[in-house]
Structures are given as C-alpha cells and as structure tokens.
Amino acid sequence: MQHSYDGLDRPGGFSRLNLFAPLRHRDFRLLWTGMTVSLLGDGIFLVAMAWQVYAVWNAPAALSMVGIAMTVPTIVCLLPGGVVSDRLSRRAVMLAADAVRAAAITALAVLSLTGRIQVWEIAVLAMVYGAGTAFFTPAFEALVPDILPASDLPAANSLDQFVRPIALRLAGPAAGGWIIAAFGPGLAFAADAASFAAAGIAVLLMRPVPRHAPGGVSVVADIKSGLSFIRRRTWIWGTLVSAAFAYLLFLGPTEVLLPYLVKNTLHGSAGTLGAVFAAGGIGSIGAAVLMGQRDQPRRQVTFIYLVWTLATLAVAGYGLATATWQLVVACLLFNALETAGTIVWATLKQCHVPASMLGRVSSLDWLISIGLLPLSFALTAPVTALVGARVTLVGAGIGGAVITLAALYLPGMRDVEREPPVAEAEPETAGPVDVVVVATVLRDGGRGRIAPPTVLGAGRVDPW
C-alpha cells in the first residue's frame, strides 16, 4: 500500500497538527474505539494483577516470577509474530491474539472468584497472555500506517498517547481500585476480559486491508531481511540495544517495587496504587496534547533521547519518595517525558520503514528491547534483599539514564534526521546479514521504548 507524503513539507517536520484529524477515517475510528475500551480494561488489570499476586504471596519474588513468566513467551514468539503479521491479515492476527489473551484473563477471573488461586497458576496464565501479546503487538503497530495517510500519522500517534493514559492510567486504575476494594480482584479480571470482546467487535467491523507479501520465500528468510534492514540503520539498532540494557537496569525494579513500596512501606491501599498510576496518566495526557498540537521536532532522534534520559532519571524518584505525593510527582514526570519521546519515535519509525517491512521491524523492536527483561525481573528480588528497595530504584534510574544518553552519541545515530521518508518501493534486503550486531529488544515502543507487555506498568504497556 502506497502512502502519500505530501504532508511532509520539510525534513524532520510536519505541518501543524490537528489531534483529532485521524478520526475522520472510519477504520481508524473503529480501531481507536476498540483500543480505548480495551485500555480501560487493561488499566483495571494493572491494579488487579499486582494486588492479586501480593495477596497470595507478599514478597517481591512473587511479582518477579509472574513478570518472567509473561515476558519469556513474548520474547520467544515475537519473531514469528512479526512474520505472521506481514504474511497474513493483520486484523485476523489481532483478533486471534486477543481471543487467546481474553481466555487467559477469564481463567484468572474464575480462579480468583473461587478463592483458590495460586501464584503458579497466575504464572502459567501470564505465559499464555504473553504469547498472545507477541502476535498482537507487531500486527497492531503495522496496521495503523495501512489505514491512515502518512500526513495523519503524527496526530494519530499523539491521539494514541492521549487516550492511552486517560484509560490506562487514570480511569482504568481508578475503576480497578474501586472494584477491588468493593468486590475483590476476581471481578476486576472479569471486567478486563469483557473489554477484549468489545475491542474484537470493533476490529471485526473494520474493512479488510490488503496484506503485504514479504520478499522472502520462508520464515527464516523474512526474519533475516528484517535483521538486515535494522543492521543498516544505527538509529534503529542503537536504540534497540540501548533499550535492552536500560530496561535490564530499571524496568524490573520499577514493575515489581513500585506496588511493593505503596503496599508495604507507605501502607497504602489498592486505591493508592491506582492514584499513583493515574498521576502518570495525567502526565501522559498533557504531553500528548502538547505534542499533538505542535510540529514534530526537526532533530527527532536528539529530542527522543533527551526526554527519555530525563524520564529514566525520574525512576530514581520512586526510590527517594517518602510520601505518596512524591510518588505521584515522580510517576507524572516519568510518563510525561516517556510519552513525548514515544510519539516522535513511533512517527519516525512509521515514516522511515516500508509498510511491507513494518511488522517484522516492530517485532524485532520489541524483541531486542525486552530481550534482557526476564533477567531484570530475576535480579530484582535478590538485589532488593541485598541493598533494599529504595537503593535498587535509585541505582536503576541513574544507571538507565546514563545508558540512554550514551547511545545518542553512537556514530550515525542522528543521520536519519537528515533523510526524507522512505517509499514503499525501497528494497527489503541489501547484502549479507550480520546477526551478531542486533542479537543483543520491546518498548512500547526501540530504544524501542514501546511499552513492554509486562504485568504492571509504571511506564509502558502493550499497544492495546
């Protein structure tokens, strides 16, 4: 599918944006509606999962184990997920993946409501959920440029980052905290499962989109062509590799220790945790509105890395906080800065990666970024036992920020700032593949900051 690039009136920039302009396209309205409903369910899920795990086993090791269980299948299945999303109907892939995830959440709801739920059962169902996410994510990311002209992509990414925090960090967690306090986590899981059904109906109502036949003759050839494409672009592979090591340092501690601090150090409730997440939502909303009404920055990569460095540094604020309001401020800053960078990153990727390659590049984006995430979860509990939760979070934030900023100075990192958007006709392969260069992913989202599909989400979560 060819895109019109008439809206790109200068290198690195777009004409002034209208945040809601993409909604004039019927299929995007349906996708956006389904995403909004499902994100509300996911916001409920964020609080329910953390509270359920700590209710069964009140130790950081419990949530670390569930995080590992969810991310390992995601990592294993991401490459096949990217190939499938380029070979088959992306709508069909999304529907099948969400059916699998809905079944896992429904089983969680039943187990929780019966009062017989165990951590190992949560971990097994998290594995199923993670595998579904690996197929859903690249299909979703690749579908958006299929249904919108390139001139609307910056506004669409801003709109995504506008509705996501409202549903996922504000309304969803608030509703989740209330449901858990009144009825328990079982009903909260059931509400999330119902949101998948609503999202599925919206996707079914969309018009079929022509699929992009890949250039390779086999799955292996398709994966190699994706690796080759990334290897030849420092702005992609450098971002992915830096994300892998930054996430290793800060994402496991953030996901595991933020709920632990709220529950055990500040003696807060599920509602308190929901309020902290909601503050992050407010920060993201503000950033999305601001970015949605302004031109894309001329120096996109420079902008992305500077705001991501400051966002990662804000993680140290979690460890320094001694009151709930301080956690609120840190979460607000983290999400506002992260959102600003993510909007520019998503637009950069959509405009500089051919549509027929986007599914594989997105899957590799997630894969390389979160490749070390299971290790991050595994190390969180013993490191916390050795130095304490607060020191762990402070060190994770500072270390992650240093790694992020250092990647900006890789040779060739900012070359893309001077390049025009690519056309669909660009060849997919060019020369031999050196897998070693990129074998070092997720982030949603590069530093694929694409929001990893983890169980909590002090920051990023999957695109639904």
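Predicted model: local features only at pLDDT ≥ 70, side-chain atom pairs only at ≥ 80, totals over all residues.

Colleague: Let us start with aspartate 152: what makes it buried or exposed?

Modeller: Buried means under 20% relative accessible area, exposed over 50%, and partly exposed in between, with a 1.4 Å probe and protein chains only. Aspartate 152 has a relative accessible area of 6%, so it is called buried. Residues are numbered from 1 along each chain as its sequence is written, and side-chain values use heavy atoms, with hydrogens and water left out.

Colleague: Why is the contact of aspartate 152 with arginine 24 called a salt bridge?

Modeller: The term asks for a side-chain nitrogen of Lys or Arg within 4 Å of a carboxyl oxygen of Asp or Glu. Here the closest N and O atoms are 2.9 Å apart, so the pair qualifies. By this rule the model has five salt bridges.

Colleague: Where in the chain do aspartate 152 and arginine 24 lie?

Modeller: Aspartate 152 is in the loop between helix 4 (119-147) and helix 5 (153-183), and arginine 24 is in the segment before helix 1 (26-56). They are 128 residues apart, and the pair links distant parts of the chain. Helices here are DSSP runs (H or I, at least four residues; strands are E, at least two), numbered from the N terminus. Arginine 24 has 53% relative accessibility, so it counts as exposed.

Colleague: Why is the aromatic pair of phenylalanine 45 and tyrosine 129 called stacked?

Modeller: Rings of Phe, Tyr and Trp (its six-membered ring) pair if their centres lie within 6.5 Å; planes under 30 degrees apart are stacked, over 60 edge-to-face, and the rest tilted. This pair has 5.6 Å centre to centre and 10 degrees between the planes, so it is stacked. Phenylalanine 45 lies in helix 1 and tyrosine 129 in helix 4, so the pair joins parts 84 residues apart in sequence. Phe45, Tyr129, Phe189 and Phe196 form one aromatic cluster.

Colleague: What makes you say that arginine 101 sits over the ring of phenylalanine 136?

Modeller: A charge sits over a ring if NZ of Lys or CZ of Arg is within 6 Å of the ring centre and within 35 degrees of the ring normal. The charged end of arginine 101 is 4.6 Å from the centre of that ring. Likewise, lysine 263 lies over the face of tryptophan 51, at 5.0 Å from the ring centre.

Colleague: Lastly, is histidine 267 buried or exposed?

Modeller: Histidine 267 has 64% relative accessibility, so it counts as exposed. Histidine 267 is in the loop between helix 8 (234-265) and helix 9 (270-292).
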